Each structure stands twice: as C-alpha cells, then as structure tokens.
Amino acid sequence: MTTPKNELLFLALGGSNEIGMNVNLYGCQGKWVMVDLGLTFANAEYPGVELILPDLEFIEQRKDDLLGIVLTHGHEDHIGAVAYFAADLGVPLYATPFTATLIRGKLEEEGIADSVELNIIPMEGSFDLGPFGFQFVTLAHSILEMSACLITTPYGKIFHTGDWKLDERPVIGTPSTADQLKAIGEEGVLALVCDSTNAFNADDSGSEGSVKADLLKSVKEAKGRVLLTTFASNAARLQTMGEVARETGRTLCFAGRSLHRIIDAAQANGYLKDMPKTVDMEAVDGLARHEVMVVATGGQGEARAALARIAEGNHPVKLEEGDTVIFSSKQIPGNEIAIGIIMNKLAERNILTVTEKQAHVHVSGHPGQPELALLYDWIKPSVLVPVHGERRHMAEQARFAKAHGVKNTLVQSNGDVVRLAPGKPEIIGQERTGRLILDGDTIISADGATINERRRLSWYGLINVAFALDERDRLLGEPQIRLHGVPIEEDLEDFLEEASAAAVKAIRENKGDFEKLRESVRLAVRRVATSWTGKKPIVDVMILETA
C-alpha cells in the first residue's frame with residue numbers, strides 16, 4: 001500500500017493521458033492533498049450516459065490521511081466531480097471566491113452544502129495543510145480566477161499550473177506579471193507540473209482582448225438576427241459580447257441555463273457589473289431582427305443545448321434565412337461531427353455561419369509553445385512533469401522543454417506513483433485508476449456489467465422469447481417473440497414464424513431441466529436471427545410454468 005514516507009510523491013488519478021477529469025495527488029510525510037477533482041463528458045462509447053467520473057478508490061482507502069482538496073478554477077474538468085465525492089471524502093475544500101460560488105451551487109443541488117466545509121481563499125491567498133503550504137498564483141485562462149498553486153514542502157516547491165495562458169489583455173482580472181513569476185523561480189522550484197493541452201501549437205494562444213474587433217465587425221456586417229455561441233464559463237468573452245451588443249445597438253439576450261449560472265456567479269463576486277440590459281428569450285421575436293443579438297450555449301454540438309434546439313426550430317428563439325450564427329469557440333476534438341450536424345442544419349435554412357476560420361472570433365485558454373518557453377525561463381524548474389493532455393501532448397511538452405533547456409522531464413500516466421524528492425525524480429510504482437459513470441442517479445463502473453450489457457444492446461439488439469408449459473412440461477400455445485432493435489422490418493412476420501418454429505423444436509427436444517431448456521431456446525432463436533441479419537442479438541427467454 002502506497003504511503004508517502006519522508007519523501008514527496010505525485011500521483012495523477014485523472015487528467016494524464018487524457019484531456020479532462022483532472023485529479024492530482026501530492027503525498028508527503030504520511031499525508032495527501034488533492035488538487036482538482038474534475039469529470040469528463042461521455043461519448044457514444046457510453047450509451048445513455050452523460051458524465052464520467054474518476055475512480056477514487058486509491059484515496060478513498062486513505063481518506064483519513066487526506067488533508068483537503070484544492071481547486072484551481074471552475075471548469076467542469078477541474079471541479080465537476082466535487083459534488084459527487086466531497087461528502088464521502090469528508091475533507092475541506094479550498095477555492096477562490098468565484099470558483100467557490102460555482103462549487104457551492106453544485107453542493108446545494110446535491111443537498112450536501114451544510115455537510116461539506118468550503119473555505120474561500122482570497123486571490124493570491126495562502127494557507128497550510130499539514131506539511132504542505134499553498135499559495136494561489138493568478139494566471140490567465142478562459143474562466144475567472146484561474147489560480148495556479150505554488151506548493152511548499154520540506155523537499156522543495158512545486159508550481160502546479162492548472163489550466164493557464166499568458167495574456168496582457170485578459171479583459172477581466174489581473175494575472176501575475178512576468179516579474180512576479182520570475183520572483184517565484186528565483187526562490188527555487190523543484191517541479192513544474194504543467195498544462196500540455198496546446199503543446200503542439202507553435203504560436204501563442206492570443207489575447208482575449210484581441211477578439212473584440214472581429215466580433216464587432218462580424219456583428220456589424222450581419223443583416224438579420226445574430227446569434228453568438230461560446231463557452232458559457234468564459235465570462236470575459238461574455239463581457240466582450242455585451243460591449244459588442246451595446247456598440248452595434250442590438251438588444252442582448254442570453255439563451256441557456258449555464259450562461260445565467262456563470263453570469264450570476266460572476267456578478268455575485270463583483271464581475272460583469274456593466275452588462276447592457278437584456279431581454280428574455282420569449283421577448284426576442286417581438287423585436288426587429290436587426291436589433292437583436294442572442295448569446296446561446298451549445299457551440300460544441302450538445303444535443304440538449306440551446307443552439308441545437310434553435311437549429312431544429314424547437315426553441316423560443318427563432319432563426320431564419322439571412323440570419324447569422326457566430327461560433328466564438330474552438331471545436332473540441334471529438335465534437336466535430338456533432339458541430340457539423342448543427343452547421344448543416346443552419347446551412348439548409350440559408351443561415352450564415354462564421355467560425356474562427358473566417359474571422360478572429362476566438363482565442364484558446366491554453367499556452368502555446370512561446371508561452372511554455374517563457375514560463376520555463378521564469379520558473380526555472382529542476383524537473384517538468386507534463387499533465388492535462390493525451391500522451392502525445394504530454395510527450396511533446398517534454399520534448400519541447402528539453403529542447404528549451406529544462407534538464408529533467410518525467411512523462412507519467414494516471415496511476416504512476418512519482419517520487420519527486422529526495423533524489424532523482426522517478427516512477428516508483430503503479431496504482432489502479434479507472435472511470436466511473438453517472439447513470440441517472442447511480443454511480444457505477446464505466447466498464448462493469450451494466451454498461452457492457454448496454455453496449456451489447458445498442459450494437460446487437462434484443463429478442464424476448466416467452467412461453468408457458470403445463471405440469472408435464474408440454475408447451476401451451478405458441479411462443480411469444482418480441483424484437484427490439486434487431487434489423488428485421490419488412491420481413492418480420494416470416495422471421496417470427498421461423499424463430500417460433502425453432503423455439504418449439506428446442507422446447508420439444510429439451511424437457512425436465514429448465515436451465516438447459518432456456519439455453520437451448522436462446523441459442524435456437526439466436527441462430528435464426530444470425531442467419532437473417534448476420535448479427536447475434538441478446539436473446540432473453542422467460543418460461544412460465546402452470547400448476
């Protein structure tokens with residue numbers, strides 16, 4: 001059992017070799033601290049599931065030695081799992097005011113706000129957890145109050161970046177300056193644990209303040225109604241959109257619950273106080289089309305978000321030929337098909353779409369290579385540990401750092417136990433990690449019997465077979481057969497006749513042993529289905545025995 005002794009350990013339970021679901025542990029002198037507790041979003045591999053959670057078995061078995069959970073910022077891949085695990089882990093949470101507001105809302109939704117200790121730390125604030133000292137260091141990102149962690153330990157300092165970028169014009173907030181970051185480096189940093197998301201990008205991420213000019217130009221050129229979509233959490237972009245609405249004389253409308261949640265949290269902490277007056281979604285159609293600017297969620301193609309329903313025509317906000325939709329966001333890898341479906345639906349109605357390929361309407365929240373190089377120069381780490389990326393992103397950051405003069409790099413994966421000090425940093429062990437799914441209100445294994453069976457159902461379909469036997473095990477009537485998702489449509493009657501005959505034959509040849517009978521009928525019906533379709537559907541057999 002891994003227990004940190006007189007040493008400094010690092011262990012990722014999520015967010016390494018993947019983008020999203022960030023969970024990082026630091027261990028020292030018998031104690032652990034957790035930095036971030038995020039989730040990720042499901043894809044077609046998990047039918048019927050929206051959210052994927054980290055498997056925290058490792059730290060759940062050691063929760064008496066867990067001192068607290070420190071949250072760097074409010075994105076779902078960094079705080080999304082807090083509400084599902086915080087009460088069970090039973091340790092205090094630490095976050096800046098805006099991030100804490102988002103977390104508190106999640107805890108209230110789960111009805112556990114009164115049972116979880118949530119500590120609000122001021123910007124650039126410090127606190128201690130056992131042998132660990134924490135100081136928040138403000139960095140730019142695509143959400144308010146992104147705070148890296150400068151972690152002081154008996155074995156050296158760690159600069160844990162969280163998600164970040166460099167930005168001289170962030171629109172909202174004041175990130176740490178080059179001089180402030182250089183001062184941290186001059187005090188000595190053992191390890192830089194760093195975001196790898198854009199490690200392949202040869203250019204920097206671009207300033208948030210640079211987006212306004214092309215957003216303004218695109219909206220001015222639009223003839224009809226304008227809809228902009230962006231990441232709801234990007235409050236700085238929302239402020240820019242508010243300014244664009246004011247300067248173009250358009251009335252602003254926000255469509256999407258997550259937008260209102262972010263705006264409410266931002267305004268509760270002193271941000272977005274100068275937004276123009278808005279109207280409700282239901283009031284939009286009462287205004288002239290050239291006088292309206294709608295900001296909506298759903299730029300990643302989410303089926304239930306506002307934009308998808310607007311594209312379908314199933315939303316209070318209506319678009320028509322000649323209107324414009326501006327995608328002030330980047331296509332997240334894996335979402336291209338879903339986004340393309342929405343764009344095609346808009347194109348079918350002659351609605352113009354504008355993306356970052358046509359105009360400078362989006363910048364990333366993650367550092368490109370020029371920003372990484374500057375941070376290496378300022379922080380001067382003894383070792384770089386890439387995180388927050390797929391393996392290729394982390395390996396590329398390690399390669400780039402070495403080429404830029406960082407002597408030691410260590411590329412780890414979820415579950416790798418890394419000893420950072422004393423001695424040369426190295427992987428000294430492996431712990432089990434994994435994924436859980438939130439299925440309705442139940443948390444279960446992402447690769448357990450339930451989800452595996454659901455995958456089989458989605459791939460192969462289901463056939464139900466039911467029949468009754470008398471007290472002498474003689475068949476009463478005909479077997480009843482029902483198909484679900486099995487590709488037999490026009491020839492259904494012929495198929496049912498053949499499948500029923502196969503079932504009857506199996507029943508007559510197997511008497512006395514119900515389990516043997518059930519299996520014989522199952523195989524007989526499946527053989528018929530396979531001969532008709534080339535697939536092997538799940539066949540469920542129910543036997544009724546009369547007295």
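Is K345 buried, exposed or partly exposed? K345 is partly exposed, at a relative accessible area of 25%; buried means under 20%, exposed over 50%, and partly exposed in between, with a 1.4 Å probe and protein chains only.

Some housekeeping. This is a predicted model, in which local features need pLDDT of at least 70 and side-chain atom pairs count only at pLDDT 80 or more, while totals for chains, interfaces and linings use all residues. Residues are numbered from 1 along each chain as its sequence is written, and side-chain values use heavy atoms, with hydrogens and water left out.

Now the salt bridges. One is a side-chain nitrogen of Lys or Arg within 4 Å of a carboxyl oxygen of Asp or Glu, and the count is 28. K345 pairs with E312 at 2.2 Å, N to O. K345 sits in helix α10 and E312 in helix α9, 33 residues apart; helices are DSSP runs of H or I, at least four residues, and strands are runs of E, at least two, numbered from the N terminus. E312 is partly exposed as well, at 44%.

R454 and D439 form another salt bridge, at 2.7 Å. R454 lies in helix α13 and D439 in strand β23, so this pair ties together parts 15 residues apart in sequence. R454 is partly exposed at 25%, whereas D439 is buried at 17%.

Last, cysteines. How many disulfides does a search of the whole structure find? The search finds 0, where a disulfide is a pair of cysteine sulfur atoms within 2.5 Å. For C194, the nearest cysteine sulfur is that of C149, 13 Å away. C194 is buried, at 0% relative accessibility.
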